[in-house]
Amino acid sequence: MTTSPRKPSKPLLGEVDAPLRSRPRRRRDPAQPNLPLDPMPARIGPCLALLKPRPPKGSQWTYEVKWDGYRLAIHIEPSGVRILTRGGHDWTERFPAILAEARRLSVSTAILDGEAVVLDAQGRSDFGMLQQSLGGRGGKRLSRDAIFMAFDLLYFDGHDLTGTELASRRHLLEGLVPPAGEEAIRLSEEIDADGETLLRIACEHDLEGIIANDRNSPYRSGRLGDWVKIKCVQSDGFAIIGYEKSTASFGGIGRLLLAARRGGELVYVGGVGTGFTERSAGELREQMDKLKIAKPTVDTGRKRNAVFIDPKLVAEIEYRAWTHDGKLRHASYKGLREEQDTTAV
């Protein structure tokens with residue numbers, strides 16, 4: 001038994017019995033990317049290194065030199081370049097050499113994380129020289145001596161890299177910023193060495209210390225332990241609560257009186273009477289004398305010839321250790337932190 005051939009189906013009909021047709025194809029725009037773009041963030045909070053007494057051990061850790069300067073992020077966009085401080089303040093115009101070099105990088109969009117430093121004759125970063133090149137704390141000078149040591153890449157050619165492991169981010173960074181350069185943007189190179197050995201060598205060369213990074217970690221804002229800093233000499237910010245007068249010292253400052261935060265309160269941690277230059281002491285005395293108050297904000301014990309101030313100034317202090325009663329040992333003044341970029345005391 002044979003069957004009659006099947007009749008062809010009717011075309012799809014619209015409301016007016018007209019066949020529906022597919023949308024005509026358009027030629028692909030060559031400028032259109034193959035992958036979706038991630039919106040470029042206006043700012044990414046920095047990943048901060050957690051202070052440890054010894055380098056961590058394990059194959060996942062990589063090491064580099066700890067630079068002593070100002071943390072910066074360089075935002076490169078087709079519309080221009082921005083240079084932001086750790087606190088998110090725009091310092092683009094204060095680093096003209098870094099700005100010019102950022103414009104020359106062969107990338108359309110990027111966010112580089114790194115440190116602005118000034119190097120001494122031995123190639124070591126010197127925080128005092130950096131501050132001086134910017135006109136001191138609160139100064140408005142441009143620093144043509146500062147260079148940018150890049151150690152991470154957070155955004156690259158339209159793609160957010162913060163969720164990518166450090167090893168991949170560094171691979172892309174090394175292609176963008178070649179090592180051993182002499183330009184205003186340089187690569188902070190990873191050093192293939194045992195952490196303990198590298199720390200010993202860094203301290204022998206009077207460097208501030210080393211940084212250990214977990215090569216498998218994404219980029220996370222805050223102090224979460226993905227990055228670890230190990231210092232040859234401890235250095236932190238302390239609130240200045242007053243000073244002891246002296247006719248034999250620069251600026252008439254015999255000793256600064258310092259406080260640290262314990263819980264939610266400031267506590268007295270001793271003083272510092274070294275590390276001043278005639279210029280830094282004079283500038284510091286001028287700022288402190290504008291903040292004089294009648295009584296100390298914390299208990300300092302009995303002090304002779306002491307002048308107390310409102311604790312709005314934060315000093316960067318190097319020290320070797322703490323005494324059993326919570327006072328700084330072998331402390332030395334390094335400079336004032338920027339008012340708009342001050343981190344927690």
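**Exercise 1. Find how many aromatic pairs the structure holds, and describe how the rings of Phe-276 and Tyr-333 are arranged**.

Solution. The count comes to 9 aromatic pairs, where rings of Phe, Tyr and Trp (its six-membered ring) pair if their centres lie within 6.5 Å, and planes under 30 degrees apart count as stacked, over 60 as edge-to-face and the rest as tilted. This is a predicted model, in which local features need pLDDT of at least 70 and side-chain atom pairs count only at pLDDT 80 or more, while totals for chains, interfaces and linings use all residues. Residues are numbered from 1 along each chain as its sequence is written, and side-chain values use heavy atoms, with hydrogens and water left out.

One of the pairs, Trp-91 with Phe-95, is tilted, with 6.3 Å from centre to centre and 35° between the planes. The rings of Phe-276 and Tyr-333, by contrast, have centres 4.7 Å apart and planes at 25°, and therefore this pair is stacked. Because Phe-276 lies in the loop between strand 13 (265-272) and helix 5 (278-288), and Tyr-333 in strand 19 (residues 332-336), the pair ties together parts that are 57 residues apart in sequence; helices (H or I, at least four residues) and strands (E, at least two) are DSSP runs, numbered from the N terminus.

**Exercise 2. Describe the surroundings of the ring of Trp-91**.

Solution. Begin with the cluster, in which ring pairs link Trp-91 with Tyr-70, Phe-95 and Phe-127. Trp-91 and Phe-95 are both buried, where buried means under 20% relative accessible area, exposed over 50%, and partly exposed in between (1.4 Å probe, protein chains only). Finally, the charged end of Arg-94 sits over the ring of Trp-91, 4.5 Å from its centre, a label that requires NZ of Lys or CZ of Arg within 6 Å of the ring centre and within 35 degrees of the ring normal.

**Exercise 3. Locate the disulfide, and state which parts of the chain it ties together**.

Solution. A search of the whole structure finds 1 disulfide, that is, a pair of cysteine sulfur atoms within 2.5 Å. This disulfide joins Cys-203 to Cys-232, with 2.1 Å from S to S, and the link is left-handed, with -100° about the S-S bond. Since Cys-203 lies in helix 4 (residues 195-204) and Cys-232 in the loop between strand 10 (227-231) and strand 11 (234-245), the pair ties together parts 29 residues apart in sequence. Cys-203 is partly exposed, with a relative accessible area of 30%.
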